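Here's a quick briefing to read alongside the model.

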Amino acid sequence: MKFYDQSVPDVERCLDTNIHTGLDTTQVKQRQEKYGPNKLKEAKQKSSFARFVDQFKDPMIIILLIAAAISFGIAIFEKDPEGFFEPVLILVIVILNALMGVVQESKAEAALNALKQMTTPQARVIRNGKEEIVPSQDLVPGDIIKLEAGDFVPADARLFQSVSLKSEEAALTGESVPAEKDAGAIVKDGAPLGDRVDMVYSGCSITYGTGQAIVCAIGMDTEMGKIAGLLNSEEKSQTPLQLKLAQLGKYLGFLAIGCCAIIFVVGLLNGLPPMELFLTSVSLAVAAIPEGLPAIVTIVLSIGVTKLAKQNAIIRNLPAVETLGSASIICSDKTGTLTQNKMTLVKAWADGDEDVVDITTDDPKEIKRLLQLGTLCSDGSILIEDGQEKSVGDPTETSIVSAAMKNGMTKETLNQMYPRLAELPFDSDRKLMSTINKMDGQLVVITKGALDSMIPRLKSGDVKKAKELNEAMSKNALRVLAIASKPIDEVPKNPTSEQLENDLNLEGLVAMIDPARPEAKEAVKVCRKAGIRPVMITGDHVITASAIAKELGILRDGDKAITGVELDAMSDDELDHDIENISVYARVSPENKIRIVKGWQRKNQVVAMTGDGVNDAPALKAADIGCAMGITGTEVAKGAADMILTDDNFATIVFAVREGRGIFSNLKKVIGYLLGTNIGEVLVVFVSMLLWHKSPFVSMQLLWINLVTDSLPAIALGMEPVEKDVMNHKPKAKNEGIFANGFGARIILQGVMFGGLALLSFYLGQQLTHTERGAETMAFITLALSQVIQAFNMRSEHSLFKTGFFTNKKLNMAALVSFALVALVIFTPLNIPFNLEILPWGDFFIALGLAFVPFVVMECSKAFGLIKHSKSYDE
């Protein structure tokens, strides 16, 4: 049904609502049952079976299936019942791996849905005659919503009140200029969407002014929903790391095929039976492929993202996890991020007094009048929820309202006694806000705003004294607002600044402060130590910003603090020359923020940028990591960000960078661990075939090592606590690969070590046991257990004696389970199909001793500096 061509009373009747009291609880519940949630239908999710099938598309898994098919064919050809055990085991393990992948995907999706719930847009509604804040998905037709600059419109709605309201509707109409709205306009039937000035539409944003409206359509019935119905398909993109691993899988596949071809040719030239060569080729293919790697990497990333979410950092785009580890510049807003965002009115001055006074709970009557006027000229309000004050609206305004409330004057009471009849909203050009209130039978204009903007509009007041006090308080990082008033005879039909904001009488000044967060100072120190440069970008005065920046350690001796005007006067070349010396940018515009971000990026820096307003969205998108504020942030800002800080805290960004470095480090450890062990397995099979024309392992044994014995330590390794010194190192280069800085060479050398030890164990087994099974058993014990022990070596580039043997309890448990699984196939009847046997204790301890050699070698390498840990930033 159309509502834009109907009057407000007609819309009220049609939707059975009331613009003053809204819907009651019963009506809301009934309509939620009838209309469902206010959200767009998402693309149809894959079934569990479809996800299961997808698990078999990985090149590494395909090679394993081919190997199983070859092994199965050989068993049929040779009519060997025992030969079926091997391909069946391969299939069982591959299927279990696929099932693990499906379960992990389901968990990841559930976690993602939970995160979506955490970032659900909020809406201000009037229900049961009271203003409430509810998730926008709970809205129903007939709800009364309130809108202001920075809000996303939560549903299609018919305006019944608007004050200088503008809405960005480019997503629907293609118009680049915000559309001006007028609740009182009469729109003709059939008017195009862009001409429906009495309507606001879901998914658009309010860029200016305030308004109230009746919700007319929700979910898929909105104009945005109709478009979504046509475009409801979302492709899931892979992260850069996942793409690199997929490419690595292909390389390993080609390596396996190449090795198999060489072995086959060499074997035929040496007269070996083709069937035996096929079986060896199967073993080689199994050895070359780290079957559990894709699933384990997914698990590690999932664990990292979940941990960040629990610590108030919600990652919206998974690649941001990888980028976080490279962050070298953090451009942070001041208010609420570096400070507590609890603006507290601490000083006030009434015109005619000698000096400022401290705000208390029982102020002089002149100060109380100042607070009274300031509260009446404020849109912010204080709600009491569960005995706690909750500020709604601009923190500067709520500090005035809170101070008045502590002096026994609540905003609700003042609004009833002195009702607001008209208003001119604050805007960044005038830097003023004005209201017309009826006070004791007299119409009074109340204006509040920056003193500099107020002075030219004053008719009376001690301007000289006000200037002195304003400057003195600003130097002490106090935010100062001037309040003025004047009587008028009548309310103008269309109030303008020229009519209301002239010939004013100065009432006084109020000053508030937003204290620095105690944890922010320590977080800045951590940044400096980690080679990360903190930069303050704020809309506040340069004097106030500099005072806070000095207190926190952002502005140091020799650093500059400049204004947006000064930045505008600089060319890009001048900015590039000076940017490393500038730590504070004050009074900045949206364009300034983008220039700052791009200036640092031209220096090859990885920039994290915080923001909360509509005007921050372009800079959040331009930054390498956009961080939106979860509490004060507008929905527009959240939509443009890579990460949302649910506590609006600078320290959380630093924690997220620390975790990002830790996640990347753990991924490197896992990948290095699994690849090193696989290289060792390939070398054992390849070299033994060339030397002795036989493989020390059958594919079942290698599969057991790769997917059963190695996987648990690998997962536990991915959960390794972030190393204490991770923030003492320089940020890694943005495009630094996994195998950079000699890491790839170390993996190969470690693989050679595993291969050499297993070959030595196999050789000794031949000499000591004089049986094929005995030699294979010794090689199996050495290879399997040396790889479990290697997981401990991979924990850190520092000695285990320094990091502690028991600081990763999950790895300790995983190692015990892996040792038990090795024992299971040696000391139970399972040893028959696995071609293993119970060894004499002397032979067993020789194999076990060889398994511990990697621990000794790695500890010596760390001790003598052959494995160098990353350099500290201060080194």
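Buried means under 20% relative accessible area, exposed over 50%, and partly exposed in between (1.4 Å probe, protein chains only). This is a predicted model, so to speak of local features takes pLDDT of at least 70 and side-chain atom pairs count only at pLDDT 80 or more, while totals for chains, interfaces and linings use all residues. Residues are numbered from 1 along each chain as its sequence is written, and side-chain values use heavy atoms, leaving out hydrogens and water.

**Surface patches**
- Patch members have over 30% relative accessible area and no salt bridge, with like charges joined within 9 Å and nonpolar side chains (Val, Leu, Ile, Met, Phe, Trp, Tyr) within 5 Å.
- A salt bridge here is a Lys or Arg side-chain nitrogen within 4 Å of an Asp or Glu carboxyl oxygen.
- A patch of negative charge on the surface brings together Asp 351, Asp 353, Glu 354, Asp 355, Glu 366, Asp 462 and Glu 468.
- Glu 468 sits in helix α16 (residues 463-475) and is partly exposed, at 43% relative accessibility.
- Val 88, Leu 91, Val 92, Ile 95, Leu 96 and Leu 99 make up a nonpolar surface patch, together about 470 Å² of accessible area.
- Val 92 belongs to helix α5 (residues 85-118) and is partly exposed at 39%.

**Cysteines**
- Taking a disulfide as two cysteine sulfur atoms within 2.5 Å, the count is 0.
- Cys 204 is buried at 1% relative accessible area, and Cys 627 is buried at 0%.

**A loop residue**
- Met 343 is in the loop between β9 (329-332) and β10 (344-350), and is buried at 13%.
- Met 343 and Ala 511 are 168 residues apart in sequence, but 9.6 Å apart in space, C-alpha to C-alpha.

Definitions and conventions: Accessible areas come from the Shrake-Rupley method with a 1.4 Å probe; for residues, only the protein chains shown count as cover. Lys and Arg count as positive and Asp and Glu as negative; His and the chain ends are not counted. The place of a charge is taken as NZ of Lys, CZ of Arg, CG of Asp or CD of Glu. Helices (H or I, at least four residues) and strands (E, at least two) are DSSP runs, numbered from the N terminus.
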